[in-house]
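Subject: Structure handover and notes

Dear colleague,

I am passing on the structure we spoke about, together with some notes on what was found in it. Please look through the model before reading on.

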Amino acid sequence: MSALVFGRAISKSLLTLHLFTQNDILTTIIPTTLFALVAAPLCSPYRCVHVVWWIWLHLLHFNVANQIIDPAEDGRNKASRPIPAGYISLRDVVYLRWCLVPTCLVSSAFYSVQVLSASLAITVLTLWYNEFKVHSHHWFSKNLMTGLGYACFQAGATLIASRDMSRLEPNALLAVLLSIAMFATTLQAQDFKDQEGDRSIGRRTLPIAHPSPARVSMFVGLPMWSICLTQVWGMDAFSSVAFVFYSGLVGLRFMVCKTTQADRLSCKLYSLWFSVAHLLPGYWRYFHEARMHIS
């Protein structure tokens with residue numbers, strides 16, 4: 001094999017791996033990385049690389065496992081994904097899916113037992129979510145399972161960013177618990193844009209099962225969570241009003257803009273809100289915890 005052919009094969013493989021996770025950069029990789037960096041007392045800037053790598057590797061594992069369950073759905077709903085786009089065969093994806101399990105666990109074990117535990121939890125939840133299809137039983141089980149999985153991502157990433165990778169500080173633990181509740185109750189923001197594909201395979205997401213209440217939940221839920229978070233993390237009045245006002249606009253958009261294209265944009269605006277919400281533990285650390293140490 002010539003160097004040129006080998007280089008093309010490597011480039012295609014890297015592109016394929018990227019395509020498995022590219023749609024989750026805004027919804028998972030960036031918010032979880034930001035969360036880890038502000039929730040943990042970062043011991044070194046070099047840990048940022050480890051944090052992003054660990055999140056991406058486990059996200060790749062989850063997405064590969066998810067996308068082999070029903071490639072036909074992706075063909076209708078997300079044709080740019082690697083399998084329907086023809087970048088990789090279904091057989092090779094199955095091999096990749098099971099090779100990623102030990103890869104994730106072994107790489108996590110190099111950090112700490114606690115990071116390994118987070119990785120093992122993600123592995124079990126991934127198996128439960130995909131192979132056992134818990135996500136298709138009821139919209140609440142889907143939201144709850146995804147919220148728990150997201151919390152495991154946050155816990156593992158925060159541990160890696162921390163000075164002590166064997167424990168979460170109290171504020172970091174509180175942030176993870178709030179995130180579980182927040183994500184489980186607002187996850188439907190990502191389901192509005194996928195209704196056509198979800199309906200075709202019989203999946204009962206909240207926007208499909210209860211369309212009007214689902215949109216009301218965004219209009220009410222985002223401002224309520226924003227108010228709660230501003231109080232928990234002690235934000236100043238100006239920042240609080242701006243954060244709550246933005247969440248209200250995003251929630252209102254879900255209520256009045258109901259086309260698939262509009263829902264895609266609303267989901268992106270929700271992702272921005274979600275990312276900012278994950279920066280708030282850093283607000284507490286900078287403006288309150290630092291002053292407590294000085295005094």
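The notes below begin with the conventions and then turn to the helices and a few individual residues.

This is a predicted model, in which local features need pLDDT of at least 70 and side-chain atom pairs count only at pLDDT 80 or more, while totals for chains, interfaces and linings use all residues. Residues are numbered from 1 along each chain as its sequence is written, and side-chain values use heavy atoms, with hydrogens and water left out.

Helix packing

Two packed helices are described by the angle between their axes and the distance between the axes. Helices here are DSSP runs (H or I, at least four residues; strands are E, at least two), numbered from the N terminus, and axes are lines fitted to C-alpha atoms, for helices over the stretch in contact, with angles running from 0 to 180 degrees between N-to-C directions.

Helix α12 (residues 211–232) and helix α13 (residues 237–256) have axes that come within 7 Å and cross at roughly 170°, which makes α12 roughly antiparallel to α13 (angles over 145 degrees count as roughly antiparallel, under 35 as roughly parallel, 65 to 115 as roughly perpendicular and the rest as oblique). The contact (heavy atoms within 4.5 Å) involves residues including F219, L222 and P223 of α12 and F243, V244 and F254 of α13. By class, the residues of this contact are 13 nonpolar, six polar and one charged, where Ala, Val, Leu, Ile, Met, Phe, Trp, Tyr, Cys and Pro count as nonpolar, Asp, Glu, Lys and Arg as charged, and the others, Gly among them, as polar.

Helix α12 also packs with α9, at an angle of about 170° and with the axes 10 Å apart, and α9 and α12 are therefore roughly antiparallel to each other. Among the residues making that contact are L174, L178 and M182 of α9 and M218, L222 and W225 of α12, and the contact of α9 with α12 has nine nonpolar, two polar and no charged residues.

UniProt, in an unreviewed entry, places the feature "transmembrane region" at residues 109–128, 140–160, 172–192 and 238–257; its positions are given in the numbering used here, feature names are shortened, and annotations may be inferred rather than shown by experiment. In the model, residues 140–160 are 100% helix and 0% strand, with end C-alpha atoms 30 Å apart, whereas residues 238–257 are 95% helix and 0% strand, with end C-alpha atoms 28 Å apart.

Individual residues

T21, in helix α1 (residues 3–21), counts as buried because its relative accessibility is 1%. Leaving aside neighbours within four places in sequence, T21 is in contact with W56, L59, L60 and N63, and the C-alpha atoms of T21 and N63, 42 residues apart along the chain, are separated by 6.8 Å.

S179, in helix α9 (residues 170–186), counts as buried at 3% relative accessibility and, with neighbours within four places in sequence left aside, is in contact with Y150, Q154 and H278.

C104, in helix α6, is buried with a relative accessible area of 0%; not counting residues up to four places away in sequence, C104 touches L57, H58, H61 and S119.

Best regards

Technical notes:
Buried means under 20% relative accessible area, exposed over 50%, partly exposed in between (1.4 Å probe, protein chains only).
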